[in-house]
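Subject: Structure for you to look over

Dear colleague,

Please read them with the coordinates open beside you.

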Amino acid sequence: MPLKLFNTISKEKELFKPIREDDVRMYVCGPTLYNNPHVGNFRPIVIFDVLFRLLKDIYNENKVTYVRNITDIDDKIINKSKELSQSTEELVSVYKKTFQKDLLDLNILPPTKEPSATDYIDKMILMIKDLVKTGFAYESENHVLFETNKFKDYGKLSRLSLKDIIAGARVEVAGYKKNPEDFVLWKPSKNNEPFWESPWGKGRPGWHIECSAMSHELLGSNFDIHGGGIDLIFPHHENELAQSLCANETNRFANFWLHNGFVNIEGQKMSKSLGNFLTVDDLRQQKINGDVVRLVLMS
């Protein structure tokens, strides 16, 4: 039976045909480990685990490469580490152990590769340098930013215009930006914050460039599937698509963009900000079997 997938960029179900049948490649955005992921955070992990199994069944066990990253440096991690007086490495290590235990409970297969962002900082710096060199990015006050109006297809994935994006207030307004919708590729580190040396001074990468660099290094400039939750369509995946096409000088990035829906509680998205969340460990304490949780997330 042919496999059809709903492609976010076309808003249609499309027949899936891999670029190469002997090398099917998929990248999915993994967790940011500044606390224990809640049940809603595990929905994409379960959904794409099912797809990983299906692809292996169709195309052969050894012909599918599934990359699911771990974000181990960003503002949330840094803020939480300061709050707990821990290093970011110590903080991530603690939550990674719980995350791995939860994965076992939910019967999640290990991805083919599970890169951590901090192992690819050099690749991020190279990608940012290319974007500056080609005129898609600029330096301002020790920040490097992607200039969105230089990329004519910006908004193609989310189907938002620059006017819609600004009106939606999902952009940070800052004096060092040429335009409100420009997004950060590199930012300066404050005192007592983790940093890496770069052509723009001591600092750290923006969130979006992390996935672009890791996917390019592990899967190439054009691969089959990019996945994640629907909350990542904008700004994360929109920004990732723009900078990847510009840095790689190609008109293709991921052929299929797949996004799962939220887990809702009483009509609202499960989220830490609303306080309406449960963790896998909460359910474990209630003696609820992980296979039951997995089935609920699949349904």
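**Cysteines**

The sulfur of Cys-211 has its closest cysteine sulfur in Cys-29, 3.8 Å away, which is too far for a bond. A disulfide is a covalent bond between the sulfur atoms of two cysteines, and the criterion used here is a pair of cysteine sulfur atoms within 2.5 Å. By this rule the count is 0 disulfides. Cys-211 is buried, with a relative accessible area of 1%, and Cys-29 also counts as buried, at 11%; buried means under 20% relative accessible area, exposed means over 50%, and partly exposed lies in between, with a 1.4 Å probe and protein chains only.

Before going further, please keep in mind that this is a predicted model, in which local features need pLDDT of at least 70 and side-chain atom pairs count only at pLDDT 80 or more, while totals for chains, interfaces and linings use all residues. Residues are numbered from 1 along each chain as its sequence is written, and side-chain values use heavy atoms, with hydrogens and water left out.

**The sheet**

Helices (H or I, at least four residues) and strands (E, at least two) are DSSP runs numbered from the N terminus, and two strands are taken to pair if DSSP finds at least two bridges between them. On that basis, 4 strands form an open sheet with parallel pairing, in the order β4-β3-β9-β10. Strands β4 (64–68) and β10 (254–260) stand at the edges with a single partner strand each, so one side of each is left without a neighbour in the sheet. Between β3 (residues 24–28) and β4 there are 5 bridges in the parallel sense, and Tyr-27 has Val-67 in β4 as its bridge partner.

**The nonpolar core**

In soluble globular proteins, nonpolar side chains tend to be buried together. A nonpolar core is here a set of buried Ala, Val, Leu, Ile, Met, Phe, Trp, Tyr and Cys residues joined through side-chain atoms within 4.5 Å. The largest such core has 39 residues, of which Tyr-27, Leu-131, Phe-146 and Leu-185 touch the most other members. At least two residues of this core come from each of α4 (121–133), β6 (143–146), β7, α6 (207–219), α7 and β10, and the largest share, 7 residues, is supplied by α7.

Helix α7 also holds Pro-235, and the peptide bond leading from Phe-234 to Pro-235 is cis, with omega near 5 degrees.

**Aromatic rings**

Rings of Phe, Tyr and Trp (its six-membered ring) pair if their centres lie within 6.5 Å, and planes under 30 degrees apart count as stacked, over 60 as edge-to-face and the rest as tilted. The structure holds 10 aromatic pairs. In one of them, Trp-186 and Trp-200 have ring centres 5.9 Å apart and planes at 55 degrees, so the pair is tilted. Trp-186 lies in strand β7 (residues 183–188) and Trp-200 in the loop between β7 and β8 (203–205), 14 residues apart, and both residues are buried.

Another pair is formed by Phe-223 and Phe-253, whose ring centres are 5.1 Å apart with planes at 75 degrees, so the pair is edge-to-face. Because Phe-223 belongs to strand β9 (residues 223–229) and Phe-253 to the loop between α7 (233–248) and β10, the pair ties together parts that are 30 residues apart in sequence. Phe-223 and Phe-253 are both buried.

The charged end of Lys-56 sits over the ring of Phe-52, 4.7 Å from its centre, and Lys-178 lies over the face of Tyr-138, at 4.6 Å from the ring centre.

**Two loop residues**

Glu-141, in the loop between β5 (137–140) and β6, has a positive phi near 50 degrees although it is a residue other than glycine, and it is exposed, with a relative accessible area of 57%. Asn-192, in the loop between β7 and β8, likewise is not a glycine and has a positive phi of about 65 degrees; Asn-192 is exposed, at 79% relative accessible area.

With best wishes

Methods:
Lys NZ or Arg CZ within 6 Å of the ring centre and 35° of its normal.
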